[in-house]
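Let's take a friendly walk through a protein model together. Have the sequence and the 3D view ready, and look for each residue as we reach it.

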Amino acid sequence: MTLTLTHYLLASTVLFGVGIYGAFSRRNAIGLLLAIELIMLAVALNFTAASNFLGTAGGQVFAVFVITVAAAEAAVGLALIIAIYRNQKDVDLDKLTLLKW
């Protein structure tokens, strides 16, 4: 059995769906960051699969950019979560009122 573009797009759709569900259902900031990482992974998989089946390298370059942005987002997000945890001793997003007026 050979893998076609449809298989990769189906796997990417499942990853994207799990990421969207996690982003809307999580109340924990770390869980939200993980869900956003899944969404970015699905996008990178789409770029790579399309690049492979079209015979170009443009999708792989975009996938590297997506992975770079995901790493930067994780670093900044975790730094913010650590700073919030030091002040409030909790990372529950419903209890976070630090930026409200």
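Helices α2 (29-54) and α3 (58-88) each supply at least two residues of a nonpolar patch. Helices here are DSSP runs of H or I with at least four residues, numbered from the N terminus. The patch covers about 540 Å² and is made by F16, V43, F47, V61, F62 and F65. The largest share, three residues, comes from α3. To belong to such a patch, a residue needs over 30% relative accessible area and no salt bridge, and nonpolar side chains (Val, Leu, Ile, Met, Phe, Trp, Tyr) are joined within 5 Å; for patches of charge, like charges are joined within 9 Å. A salt bridge is a side-chain nitrogen of Lys or Arg within 4 Å of a carboxyl oxygen of Asp or Glu. Areas come from the Shrake-Rupley method with a 1.4 Å probe, and for residues only the protein chains shown count as cover.

Take F65 as an example. F65 sits in helix α3 and is exposed, with a relative accessible area of 52%. Exposed means over 50% relative accessible area, buried means under 20%, and partly exposed lies in between (1.4 Å probe, protein chains only).

## About the model

This is a predicted model, in which local features need pLDDT of at least 70 and side-chain atom pairs count only at pLDDT 80 or more, while totals for chains, interfaces and linings use all residues. Residues are numbered from 1 along each chain as its sequence is written, and side-chain values use heavy atoms, leaving out hydrogens and water.

The expected span is 1.5 Å times one less than the number of residues. Which residues of α1 are buried? They are S12, G19 and G22. Seen down the axis of α1, the buried residues fall within an arc of 90 degrees, so they line one face of the helix. That arc is taken from the directions from the helix axis to the C-beta atoms. An α-helix has 3.6 residues a turn, so residues three or four places apart point the same way.

The buried residues of α1 pack against α2. S12, for instance, has a relative accessible area of 2%. Leaving aside neighbours within four places in sequence, S12 is in contact (heavy atoms within 4.5 Å) with A42, L45 and N46. On the other side of α1, the exposed residues include T6, L10 and Y21. Y21 has a relative accessible area of 60%.

## Helix α3 and its partner

The 31 residues of α3 should span 45 Å at 1.5 Å a residue, and its end C-alpha atoms are 44 Å apart, which agrees. In α3, G59, A63, V66, A70, E73, G77, I81 and I84 are buried, and the buried residues of α3 pack against α2.

What does I84 touch, leaving aside its neighbours within four places in sequence? I84 is in contact with K89, D90 and L96. Just after α3, K89 takes a positive phi of about 60 degrees.

Finally, find S51 in helix α2. Is S51 buried or exposed? S51 is buried, with a relative accessible area of 3%. Leaving aside neighbours within four places in sequence, S51 is in contact with T56, A57, G58, G59 and Q60.
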